[in-house]
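Hi,

Here is the structure I promised to pass on.

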Amino acid sequence: MNYPETAQLSILPLLIILLPILSAPIAAKLGLNSEGLRNIFAAAVTAAVTVMSAALFLLTYKADVIYPLPGYLDLGLHLYADPMGAFFTLLSALIWFLATVFSITYMDHEHARNRYYFFLLLTQGGCLGVFLTGDLFSLFIFFEIMSVASYLLVIHSETDKAMAAGRNYLYLGIGGGLSLLAGIFLLKSELGTTAIKPLLEMISIMDIPLYLPAAFLIIGFGIKAGMAPLHIWLPQAHPVAPAPASGLLSGIMIKTGAYGIFRVSGMIFTPTGDTPLWDVTANLGYVIIWT
């Protein structure tokens with residue numbers, strides 16, 4: 001993958017993603033002996049992630065930040081942060097910290113609290129990973145981690161209503177993931193790349209309909225974003241989740257879908273120069289806005 005020449009190398013994106021993921025089992029283990037210690041640990045982890053996200057946000061104003069892991073799953077894992085991705089990361093990390101602090105009192109009378117904190121932190125790692133990737137394959141991995149882990153937050157109460165809402169959430173999430181994967185496969189097989197960068201000139205000469213990969217990608221992201229008519233899971237899942245998790249579902253996780261749509265329409269489906277292909281980008285934007 002080709003990065004901007006001015007990009008700076010930093011391990012911050014990797015630390016922001018890995019800290020909550022690796023801390024999830026530690027929080028659950030601590031809770032077996034001391035729930036107070038577990039609560040403090042979870043809040044401290046999300047606070048540390050917020051501080052690192054703020055540092056990354058400031059770094060991106062000097063230059064974009066990269067941290068490639070080329071050997072991961074043969075295709076490599078490409079961590080990348082520009083000001084837009086870093087802003088989403090910082091905003092999400094801050095709200096996650098506030099939701100975690102709120103969870104300390106809210107979850108005090110709930111069951112399965114160790115499980116709750118485990119998946120709360122795991123979901124955070126997946127969510128922030130979506131904002132800190134430079135290619136669609138890496139984004140897909142974290143998108144799926146977030147979708148599957150957050151399912152356990154939706155069904156936390158384990159009531160019949162919660163389980164039914166969770167099934168719809170999971171089924172549509174899996175369908176959205178498969179739609180994303182179809183779009184990624186199309187771009188990879190036809191172009192040899194899944195980079196999040198202007199690709200419209202290359203897409204326009206592919207041996208497939210012009211808007212087909214965009215349709216697959218936007219459907220996949222649109223399900224998570226609650227885009228009509230793909231929104232049917234949303235009014236069912238949000239009321240049954242614990243309030244802190246519901247706030248994260250509404251305030252942050254559906255924004256990962258909006259972020260993905262921004263990247264598809266505002267970057268991947270854009271040309272690099274002054275060309276009539278900008279009309280394609282504009283038409284795609286009109287469809288998304290009206291939808």
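How much space lies in the largest pocket? About 190 Å³. Before the rest, some housekeeping: this is a predicted model, where local features need pLDDT of at least 70, side-chain atom pairs count only at pLDDT 80 or more, and totals for chains, interfaces and linings use all residues. Residues are numbered from 1 along each chain as its sequence is written, and side-chain values use heavy atoms, with hydrogens and water left out.

Back to that pocket. On a 1 Å grid over the protein atoms alone, a pocket is an open set of points with protein on both sides within 12 Å along at least five of seven lines, a cavity is a set where a 1.4 Å probe fits but cannot get out, and lining residues have an atom within 4 Å of a point. Points are joined across faces, edges and corners, and a volume is the space filled by probe spheres set on them. The largest pocket has 14 lining residues, with Ala-215, Ile-218, Leu-284, Val-287 and Ile-288 nearest its centre. H8 and H11 are the elements that give two or more residues to this lining; helices here are DSSP runs (H or I, at least four residues), numbered from the N terminus. By class the lining has twelve nonpolar, two polar and no charged residues (Ala, Val, Leu, Ile, Met, Phe, Trp, Tyr, Cys and Pro count as nonpolar, Asp, Glu, Lys and Arg as charged, the others, Gly among them, as polar).

Helix H6 (160-191) and helix H8 (212-225) each supply at least two of its lining residues, with H6 giving the largest share, four.

Now the salt bridges (a side-chain nitrogen of Lys or Arg within 4 Å of a carboxyl oxygen of Asp or Glu): the count is four. Glu-35, Arg-38 and Arg-113 are linked in a network of them. Glu-35 meets Arg-38 at 3.4 Å, N to O, and both sit in helix H2 (residues 35-60), three residues apart. Arg-38 counts as buried because its relative accessibility is 1% (buried is under 20%, exposed over 50%, partly exposed in between, with a 1.4 Å probe and protein chains only). Glu-35 also pairs with Arg-113, the closest N and O atoms being 2.8 Å apart. That pair links distant parts of the chain, since Arg-113 is in helix H4 (residues 113-131), 78 residues apart from Glu-35.

Cheers
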